[in-house]
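Please read the following note alongside the sequence and the structure.

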Amino acid sequence: MYEIKEEIKTQPYDKLQIQKLSKNDAVEVLSISLESGAIFPEHTSPTDALLVVLEGDIDFHIDQNNFHLTEHEYFSFPRETPHWVKANENSKFLIIR
């Protein structure tokens, strides 16, 4: 019943990698890894979301603004708002929505 999983730890830095960690009626958790210099192309979230940087350094672009985020910082953003992400170094972050 209880299990430690290592998907985040073992997720490779190979351009853009997206892995769904959990989903139920209330919340979805995605693990994202971005190789240094890689871009997560413009997209929207179907719900309000929270981005939590686990490691690395990213630029989060939304509403013609750039937000520089590093390890252990988090950022919330509204649903249906176009945004994109660039990795300044190998980076991993969670999207909780």
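Which residue of β7 does L50 stand opposite? The residue in question is S76. The points below place this pair in its setting; the model is a predicted one.

1. The sheet. Five strands make up an open, antiparallel sheet, and their order is β1-β2-β9-β4-β7. β1 (16–23) and β7 (74–77) each have a single partner strand, so they stand at the edges and one side of each is left without a neighbour in the sheet. From one strand to the next, the twist averages 20 degrees.

2. The pairing of β4 and β7. Strand β4 covers residues 49–55 and pairs with β7 in the antiparallel sense, over four bridges. In general, the strands of a sheet pair through backbone hydrogen bonds.

3. Residue V53. This residue belongs to strand β4. V53 counts as buried because its relative accessibility is 1%, and the cut-off for that term is under 20%. T70 is 17 residues away from V53 along the chain, yet their C-alpha atoms are separated by 6.3 Å. Setting aside residues up to four places away in sequence, V53 touches I58, L69, T70, E71, H72, E73, K92 and F93.

4. Residue D59. Strand β5 (residues 57–62) contains D59. D59 is buried but has no salt bridge: K86, the nearest side chain of opposite charge, is 5.6 Å away, whereas a salt bridge requires the charged atoms to be within 4 Å. The side chain of D59 does form a polar contact of 3.3 Å with that of N88. Beyond its neighbours within four places in sequence, D59 is in contact with several residues, among them F67, H68 and W84.

Technical notes. Residues are numbered from 1 along each chain as its sequence is written. This is a predicted model: local features need pLDDT of at least 70, side-chain atom pairs count only at pLDDT 80 or more; totals for chains, interfaces and linings use all residues. Side-chain values use heavy atoms; hydrogens and water are left out. Two strands pair if DSSP finds at least two bridges between them. Helices (H or I, at least four residues) and strands (E, at least two) are DSSP runs, numbered from the N terminus. Axes are lines fitted to C-alpha atoms, for helices over the stretch in contact, and angles run from 0 to 180 degrees between N-to-C directions. Buried means under 20% relative accessible area, exposed over 50%, partly exposed in between (1.4 Å probe, protein chains only). Lys and Arg count as positive and Asp and Glu as negative; His and the chain ends are not counted. A polar contact is a pair of N or O atoms within 3.5 Å; within protein, one must be able to donate a hydrogen and the other to accept it, and residues adjacent in sequence count only if both atoms are side-chain atoms. Contact means heavy atoms within 4.5 Å.
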